[in-house]
Amino acid sequence: MTADALEAFARELARARERWRHLVNHDPAQRTYGLLHHDADVMAWLICWMDDHDTGFHDHDGSAGAVAVIDGAVREDRLRLGAAPLQRVVRAGESFTFGPADIHRVRHAGRRPAVTIHAYSPPLWRMGAYEVDSSGALRRHSISYAEELRPLSAA
Amino acid sequence: MRIDVHQHLWSEPLVAALARRRLPPRVRRAPDGWWLDLAGEPPCQLELSSEDVGRRAALVHLDGVDRALVALSSPLGVESLDPDEAADVLDAFHAGAAALPAEFGAWASVPLRDLDGAVGELERRLAEGFAGLCLPAGALATPAAVERVAPLLDALERREAPLFVHPGPAPAEAHDVPPWWPALTDYVEGLHAAWHAFAAIGRRAHPRLTVVFAALAGGAPLHLERIAARGGPLASAFDPGLFYETSSYGTRMIEAMVRVVGVDQLVHGSDRPVVEPPDAKAIGPATWEALARANPARLLGARALAA
């Protein structure tokens with residue numbers, strides 16, 4: 001799926017309230033996720049954010065993505081070397097895309113809890129999670145998407 | 001509750017019933033121990049000394065789960081015996097399973113030559129608290145075979161109980177092959193055939209049935225591109241009612257299945273005592289929680305706790 005098609009797909013899902021209304025569930029301790037769609041080309045999730053929930057810097061290995069904000073706002077940081085991250089705040093009704101090569105971080109922004117649709121094509125599989133070690137070196141950990149999108153606590 | 005959906009256990013009543021038989025499937029005592037005779041496999045020595053129920057219950061906890069579901073081993077071929085012959089072994093299996101401690105639940109098995117009787121048997125076993133029905137993959141080997149067992153699948157759907165598709169029966173004739181041969185050829189092919197047969201007509205006829213395939217269905221959904229190229233139905237690879245248990249596989253194959261069907265369709269199964277389960281930590285903590293706790297709860301429903 002092209003970036004434009006993926007963004008259109010996410011925005012269309014955002015408008016289809018009956019598809020995700022029952023999955024809206026805010027938890028102060030962590031983001032919550034609901035799988036909305038999965039086929040050979042695309043996988044889509046509803047994510048609920050509050051209280052500065054933060055993904056940390058990560059990439060999506062071979063997948064591109066699109067995010068459509070339904071309610072509230074999220075802040076995206078694009079990682080840069082030798083400069084502060086490029087920041088943008090994305091509000092309800094807006095959307096943005098990223099490619100497999102992009103490294104970013106998404107955080108809840110503002111006081112109002114946020115609800116977002118995330119579409120990935122090809123379906124998300126592996127991800128890279130980044131940490132900065134004590135020497136300042138950037139380290140990439142290869143993780144399954146399940147480690148990012150599935151909760152550790154009892155369902 | 002964390003669950004292992006696939007174990008076997010040679011309970012005393014089951015061993016006694018198989019030892020009463022003169023023809024395969026049977027167990028026999030020889031000077032060098034207990035042996036299992038199957039029509040299509042080389043004789044196999046049984047380690048009954050390690051089948052102590054207390055030891056097996058302790059292993060459930062050591063594996064990091066709270067309960068294991070035991071099944072009659074479909075390669076034995078008990079389900080396809082003459083109904084009277086089958087009844088003796090099946091009654092012994094269910095009696096042995098029902099007497100196990102709280103660490104265990106069990107899948108029911110029914111005689112498959114007399115399907116009218118089998119539906120009644122299944123209803124009775126589900127009422128007794130068995131988790132669902134275990135069918136040999138051979139009973140679902142073609143679309144026509146899936147139609148034949150439709151009364152059983154209807155009964156499961158009515159009771160909101162799952163189906164467990166297990167490899168078997170053993171190939172009909174013994175070949176001059178090493179002991180691992182059936183597990184890597186006949187059983188993988190049999191699981192593929194059952195998965196495709198359910199995709200072809202099973203899902204349409206049984207829209208609410210939940211099914212778990214043993215051994216990741218032999219990786220059948222990984223053939224996604226070939227299914228598309230040959231005009232097969234793709235939807236089953238993304239069917240939220242189809243689950244895959246992980247026995248005999250490790251992180252590489254599990255990751256490959258995650259890539260196609262998604263983590264939400266995989267459930268932990270060990271196939272003890274036939275094989276040892278993989279190191280749960282190597283899979284990743286969130287993946288392990290999904291495989292052992294969240295996904296079995298969706299597969300089994302209320303039966304996860306009651307089994």
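1. Interface. In this predicted model, 14 residues of chain A are in contact with 18 residues of chain B, where contact means that two C-beta atoms, placed from the backbone, lie within 7 Å. On the chain A side, β1, β11 (138-144) and α3 (145-149) each supply at least two of the touching residues. By class, that side of chain A holds 9 nonpolar, 2 polar and 3 charged residues. Here Ala, Val, Leu, Ile, Met, Phe, Trp, Tyr, Cys and Pro count as nonpolar, Asp, Glu, Lys and Arg as charged, and the others, Gly among them, as polar.

2. Numbering and confidence. Residues are numbered from 1 along each chain as its sequence is written, while chains are lettered from A and ligands numbered from 1 in the order in which they are written. As the model is predicted, local features need pLDDT of at least 70 and side-chain atom pairs count only at pLDDT 80 or more, whereas totals for chains, interfaces and linings use all residues.

3. Make-up of chain A. Chain A has 3 helices and 11 strands; these are DSSP runs numbered from the N terminus, helices being H or I with at least four residues and strands E with at least two. The order from the N terminus is α-α-β-β-β-β-β-β-β-β-β-β-β-α.

4. Overall form of chain A. A compact globule of 155 residues would have a radius of gyration near 15 Å, and chain A agrees, with 15 Å. That radius is taken over C-alpha atoms, and the globule rule is 2.2 Å times the number of residues to the power 0.38. Along the principal axes, the C-alpha atoms of chain A fill a box of roughly 50 × 35 × 35 Å. Of the contacts in chain A with a separation of 6 or more, 67% join residues 24 or more positions apart.

5. The sheet. Five strands of chain A form an open sheet in the order β1-β2-β9-β4-β7, with antiparallel pairing; strands pair if DSSP finds at least two bridges between them. β1 (32-38) and β7 (95-98) of chain A are at the edges with a single partner strand each, so one side of each lacks a neighbour in the sheet. On average, neighbouring strands of this sheet are turned by 20 degrees against each other, direction ignored.

6. The hairpin. β1(A) and β2(A) form a hairpin with 4 residues between them. Their antiparallel pairing runs over 6 bridges, with β2(A) covering residues 43-49. Leu35(A) stands opposite Trp45(A), and Tyr33(A) has Ile47(A) as its bridge partner.

7. Helix over the sheet. Helix α1 (residues 3-15) of chain A lies across β1, β2, β4, β7 and β9 of chain A, at about 25 degrees to β4(A). Axes are lines fitted to C-alpha atoms, for helices over the stretch in contact, and angles run from 0 to 180 degrees between N-to-C directions.

8. Helix α3 of chain B. This helix (residues 83-98) has 16 residues and spans 21 Å from first to last C-alpha, close to the 22 Å expected at 1.5 Å a residue, the expected span being 1.5 Å times one less than the number of residues. Buried residues of α3(B) include Val89(B), Leu90(B) and Phe93(B). A residue is buried if 20 or more other C-beta atoms, placed from the backbone, lie within 10 Å of its own, exposed if 12 or fewer, and partly exposed in between. The buried residues of α3(B) pack against α1 (12-19), β5 (67-70), β6 (104-106) and α4 (115-128) of chain B.
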